[in-house]
Amino acid sequence: MATGRKSRETVTPTPPAERGGGQATQARAGEILYGLGFSQEDMNQPFREFSGGWRFRLIRAQALMAPTVLLLLDEPVAGMNLEETEDMARYILEVNRELKLSVILVEHDMAMVMDVADRVMALDYGRTIAIGEPAYIQTNPQVIAAYLGE
């Protein structure tokens, strides 16, 4: 969601006259925010009143408003509880499927990664040790040694 305000004080989208958008832009912003679990009531809340997990959702909504073919998410479920993590996983899958966006996900929650990823790259101290489908990564001896110890 592009607010056009440097302070990011509120969730409310910038009026169309200020950003060159229109009803279609507002409708898209509403769809994205509703898709991330925001209610109409949330639209008027100051950014600072949202918890960390909800703030991350707002930042993601902002990114999704930009025309793009690739979405890079860096630890999108950090600080989220199980319910929020499951909601975010569903949303990532929907973004990929419905908006036709490729998603690069950097994440430490391996259960979530294995649920949403088509392909996984496992790193050990910044070095690639395996690339493949989730089932391959989960059974790869190098990955097991690096993440669970020998």
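Predicted model: local features only at pLDDT ≥ 70, side-chain atom pairs only at ≥ 80, totals over all residues.

Let me begin with helix α2, which runs over residues 23-35. Its 13 residues reach 18 Å from the first C-alpha to the last, close to the 18 Å expected at 1.5 Å a residue. Which residues of α2 are buried? They are A29, G30, I32 and L33. Viewed down the axis of α2, these buried residues fall within an arc of 165°, so they line one face of the helix. The face turned away from that buried side carries the exposed residues Q23, A24 and E31. Among the elements that cover the buried residues of α2 are α3, residues 52-64, and α4, residues 82-98. After α2 comes G37, whose phi is positive, near 100°.

That brings me to α4. This helix has 17 residues and reaches 24 Å between its first and last C-alpha, close to the 24 Å expected at 1.5 Å a residue. Buried in α4 are E84, T85, M88, A89, Y91, I92 and V95. They cover an arc of only 165° around the axis, which puts them on the same side of α4. As a general point, an α-helix has 3.6 residues a turn, so residues three or four places apart point the same way. On the face of α4 turned away from the buried side we find the exposed residues L82, E83 and E98. The cover over the buried residues of α4 includes α2, α3 and β1, together with β2 (102-106) and α5 (110-116).

Next, the cavities. What lines the second largest cavity? The lining consists of R60, L71, L73, M88, Y91, I92 and V95. Both β1, residues 70-74, and α4 supply at least two residues of this lining, and α4 gives the most, with four residues. M88, Y91, I92 and V95, which line this cavity, are also among the buried residues of α4.

Finally, the hairpin. Strands β3 (residues 120-124) and β4 (residues 127-132) pair in the antiparallel sense over five bridges. Within this pairing, A122 stands opposite A130 in β4. Two residues lie between the strands of the hairpin, and Y125 in the turn has a positive phi of about 55°.

Thank you for your attention.

Definitions and conventions:
Residues numbered from 1 in each chain as written. Heavy atoms only, no water. Expected span 1.5 Å × (residues − 1). Buried < 20%, exposed > 50% of the residue type's maximum accessible area, 1.4 Å probe, protein only. Arc of directions from axis to C-beta. Contact = heavy atoms within 4.5 Å. Pairing = 2+ DSSP bridges. 1 Å grid on protein atoms, 1.4 Å probe; cavity = no way out; pocket = protein on both sides within 12 Å on 5 of 7 lines; lining within 4 Å.
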